[in-house]
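Biologist: I would like to learn how to read a model like this one. Could you take me through it, feature by feature?

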Amino acid sequence: MSTGMSTGNGVAWRGNVMRRWRRLLLAVGLVLGSGLLPGAGVLAAEGAVADAAARIVAEAGDHRIVVIGEMHGTREAPAVAAALARHYAGEGPVLVALEVWRTEHGALSAYLRSDGSVAARARMRAGPFWDAPPERNDGRRTEDALDLVEAVRQLRVAGHDVAVMPFDIGPDDYTNSAARDRDMAFVLRSAYEALPRGRLLVLTGNVHAMRWPPSGIDDGVYRTATQLLEDLEPFSVHLAASSGGFWACSMGTCGVRQLNVPMKTGAFGDQFHFVYAMPEFTVARLIGEEVEPDAP
């Protein structure tokens with residue numbers, strides 16, 4: 001996909017895309033200025049998830065863009081994002097941005113309007129992004145990620161001004177990592193500009209959430225999606241853990257990986273604004289695991 005970064009046609013393209021995404025945000029039901037139920041700022045999660053969300057809320061303060069950099073393939077990261085969405089929904093509109101192909105927008109929107117039944121969830125997970133075997137699952141395609149979408153649906157049912165937005169490109173549009181992050185940043189920027197109040201809550205891989213690239217991939221060209229949004233003052237969080245495992249792909253194989261370097265809560269070389277280390281990561285449930293049978 002051409003980003004049109006320096007041509008007149010590119011400016012027009014960006015304007016068209018921005019208008020399209022503004023219409024898209026309204027279409028999924030993010031009606032700005034709508035009333036919210038009182039007293040909805042209480043975190044519904046318990047234990048370690050609630051502790052993580054409460055600390056992130058305190059550290060992020062008034063920042064309107066909160067970027068959670070995750071290790072893909074854990075149960076905890078989507079759960080923390082859901083807890084944050086529940087909290088922020090008590091303060092104003094919330095748009096939850098997921099590192100999911102944008103082609104899944106229709107299916108996600110349909111689910112948010114559904115009754116949340118087993119059949120509705122099956123239709124959502126049938127899309128090409130989610131429909132990947134374990135050997136091609138990079139850790140983003142999990143039942144736990146779908147649980148996050150369900151949490152947003154429940155908030156909508158309760159009358160909150162919330163929505164989900166996929167912001168990643170599909171494989172057919174991939175050129176290189178630098179172009180991908182530019183495209184991701186552009187979509188997130190467009191969403192933010194269509195959200196004059198409330199919060200943009202982003203759940204993405206931890207490299208995309210960094211304030212600048214790690215030295216190993218800093219070639220002078222690549223800039224992270226969060227780095228490209230620096231003028232909007234995003235608050236970047238590395239959601240880490242002291243122990244445990246996650247599902248990921250490396251060296252051409254996908255499977256369970258164990259954390260090799262225990263992390264601690266606090267600053268971490270300023271590459272993120274804040275690091276929160278949970279006690280343990282639990283490997284996510286891949287799509288199709290622990291799914292209830294169809295209702296009669």
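**Reading the model**

Modeller: Gladly. The chain exposes about 13200 Å², and carbon and sulfur atoms supply 53% of that area. Please keep in mind that this is a predicted model.

Biologist: How many helices and strands are there in the chain?

Modeller: The chain has 7 helices and 8 strands. Of its 296 residues, 52% are buried.

Biologist: Among contacts between residues at least 6 apart in sequence, what percentage join residues at least 24 apart?

Modeller: The figure is 78% in this chain.

Biologist: Let's go inside. Which residues of the largest nonpolar core touch the most other members?

Modeller: They are I68, V80, L84, V96, L98, L201 and M278, out of 48 residues in that core. Helix α3, residues 76–88, gives the core its largest share, with 8 residues. Apart from this core lies another one of 22 residues, including A97, M184, Y192 and L200.

Biologist: What does L201 touch, not counting residues up to four places away in sequence?

Modeller: Its partners are V66, I68, A81, L84, A85, V94, L95, V96 and A97.

Biologist: Is α6 mostly covered or mostly uncovered?

Modeller: Mostly covered, with 11 of its 15 residues buried. Among the buried ones are L146, L148, V149, V152 and L155, and the buried set also includes the charged residues E143, D144, E150 and R153. The cover includes α3, β2 (94–101), α4 (105–112), α5 (118–125), β3 and β4 (199–205).

Biologist: What comes just after α6?

Modeller: There, G159 takes a positive phi of about 100°. H160 sits in the loop between α6 (143–157) and β3 (162–168).

Biologist: Why is H160 classed as buried?

Modeller: The general idea is a cut-off: buried means under 20% relative accessible area. H160 has 10%, so it counts as buried. Its side chain also reaches the backbone oxygen of A89 at 3.5 Å.

Biologist: Last one. Where is R257 found, and why does it count as partly exposed?

Modeller: R257 is in strand β7, residues 253–258. Partly exposed covers values between the buried and exposed cut-offs, so R257, at 21% relative accessibility, counts as partly exposed. Not counting residues up to four places away in sequence, R257 touches G244, G245, F246, A248, C249 and S250. F246 is 11 residues away along the chain, and its C-alpha atom is separated from that of R257 by 5.4 Å.

Biologist: What lies 2.9 Å from a polar atom of the R257 side chain?

Modeller: That is the backbone oxygen of T253.

How values were computed:
Residues numbered from 1 in each chain as written. Predicted model: local features only at pLDDT ≥ 70, side-chain atom pairs only at ≥ 80, totals over all residues. Heavy atoms only, no water. Helix = DSSP H or I, 4+ residues; strand = E, 2+ residues; numbered from the N terminus. Buried < 20%, exposed > 50% of the residue type's maximum accessible area, 1.4 Å probe, protein only. Contact = heavy atoms within 4.5 Å. Areas by Shrake-Rupley, 256 points an atom, 1.4 Å probe, with all protein chains shown as cover. Polar contact = N/O pair within 3.5 Å; in protein donor to acceptor, adjacent residues only side chain to side chain. Core = buried A, V, L, I, M, F, W, Y, C linked by side-chain atoms within 4.5 Å.
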